[in-house]
Amino acid sequence: MGNNIVFIGFMGSGKTSVGRRVAQRLGFQFVDTDAVIVDRTGLPIVEIFSRHGEEWFREQETGVLRSLAVLNRAVVSTGGGIVLRAENRELLRDLGLVVWLTASEEKLFQRVSRNKKRPLLQTADPRATLHALLEKRSALYAEAAEFTLDSSSLTHEAAALAVIAEAGRAFSW
Ligand code: S3P
């Protein structure tokens, strides 16, 4: 297992905000897989989905994950669907400590309904879509993760500190 910290979880769980804080506090490099995809393709996520479709996006996602195998002492935050592929779940575990950031369905909905940058939730009934995606994915997050943290009532700072404490145990710092 590598010595990186990897955040997985549903859209709106706070992976990027908490991940950035953890990286800052530890002096680790921070990598956001969605940002790498946007850089590589030169397209925003919504446009990737509308032009090329979800499967193409998933292919980019796996490509990015494979390329991260060289990382050492980094914090990686991932897109909410990264756990869908079995290959990805294995690649995640190889990278290091996998942290599943969860939040109540209510909290997630509040957070995601604030922005329109998530193509999978641009449906007639985003609430029902979120519920269905959560149902489908929860077992996959659980399978991939070694540490689960419910961020519903935590500040980003408190969540970051809890993850750093867990990483200290996992890596015996
Ligand atoms: C997705 C989540 C998004 C982004 C894409 C697909 C998903 O990332 O990767 O829109 O399938 O849940 P965030 O979880 O950072 O919003």
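1. **Ground rules.** The model is predicted, so local features need pLDDT of at least 70 and side-chain atom pairs count only at pLDDT 80 or more, while totals for chains, interfaces and linings use all residues. Residues are numbered from 1 along each chain as its sequence is written, and side-chain values use heavy atoms, with hydrogens and water left out.

2. **The sheet.** Start with the strands. Five of them form an open sheet, in the order β2-β3-β1-β4-β5, with parallel pairing. Strands pair if DSSP finds at least two bridges between them. Helices (H or I, at least four residues) and strands (E, at least two) are DSSP runs, numbered from the N terminus. β2 (29-32) and β5 (147-150) stand at the edges; each has a single partner strand, so one side of each is left without a neighbour in the sheet. From one strand to the next, the twist averages 20°.

3. How many bridges join β4 and β5? There are four, in the parallel sense. Leu101 stands opposite Leu149 in β5.

4. **Helices on the sheet.** Helix α1 (residues 15-26) packs on the sheet and touches β1, β2, β3 and β4. Its direction makes about 165° with that of β1. Helix α8 (residues 156-171) lies across β1, β4 and β5 and runs at about 165° to β5. The axes behind these angles are lines fitted to C-alpha atoms, for helices over the stretch in contact, and the angles run from 0 to 180 degrees between N-to-C directions. Contact means heavy atoms within 4.5 Å.

5. **The largest nonpolar core.** A nonpolar core is a set of buried Ala, Val, Leu, Ile, Met, Phe, Trp, Tyr and Cys residues joined through side-chain atoms within 4.5 Å. Buried means under 20% relative accessible area, exposed over 50%, and partly exposed in between (1.4 Å probe, protein chains only). The largest core has 35 residues. Ile8, Phe10, Leu65, Leu68, Val83, Leu92 and Leu130 touch the most other members. The elements giving two or more residues are β1 (4-8), α3 (45-52), α4 (54-67), β3 (74-77), α5 (86-95), β4 (96-102), α6 (105-112) and α7 (126-144). The largest share, six residues, comes from α7.

6. Which residues does Leu92 contact, leaving aside neighbours within four places in sequence? They are Val6, Ile8, Leu65, Thr78, Ile82, Val83 and Val98.

7. **Salt bridges: Glu143 and Arg89.** The structure holds 13 salt bridges. Each is a side-chain nitrogen of Lys or Arg within 4 Å of a carboxyl oxygen of Asp or Glu. One joins the side chains of Glu143 and Arg89, at 3.0 Å from N to O. Glu143 lies in helix α7 and Arg89 in helix α5, so the pair ties together parts that are 54 residues apart in sequence. Is Arg89 buried or exposed? Arg89 is buried, with a relative accessible area of 13%. Glu143 is partly exposed, at 49% relative accessibility. Leaving aside neighbours within four places in sequence, Arg89 is in contact with Val83, Leu84, Leu140, Glu143 and Ala144.

8. **Salt bridges: Arg127.** Arg127 forms a salt bridge with Glu105, with the closest N and O atoms 3.9 Å apart. Arg127 lies in helix α7 and Glu105 in helix α6, so this pair ties together parts that are 22 residues apart in sequence. Arg127 is partly exposed at 30% relative accessibility, and Glu105 is partly exposed at 25%. Glu106 also forms a salt bridge with Arg127; here the closest N and O atoms are 3.4 Å apart. Glu106 sits in helix α6, 21 residues from Arg127. At 44% relative accessibility, Glu106 counts as partly exposed. Elsewhere, salt bridges that share partners join Arg21, Arg25 and Glu157 into one network.

9. **Aromatic pairs.** Rings of Phe, Tyr and Trp (its six-membered ring) pair if their centres lie within 6.5 Å; planes under 30 degrees apart count as stacked, over 60 as edge-to-face and the rest as tilted. The count comes to two aromatic pairs. One is Phe49 with Phe57, tilted, at 4.9 Å centre to centre and 40° between the planes. Phe49 and Phe57 are both buried.
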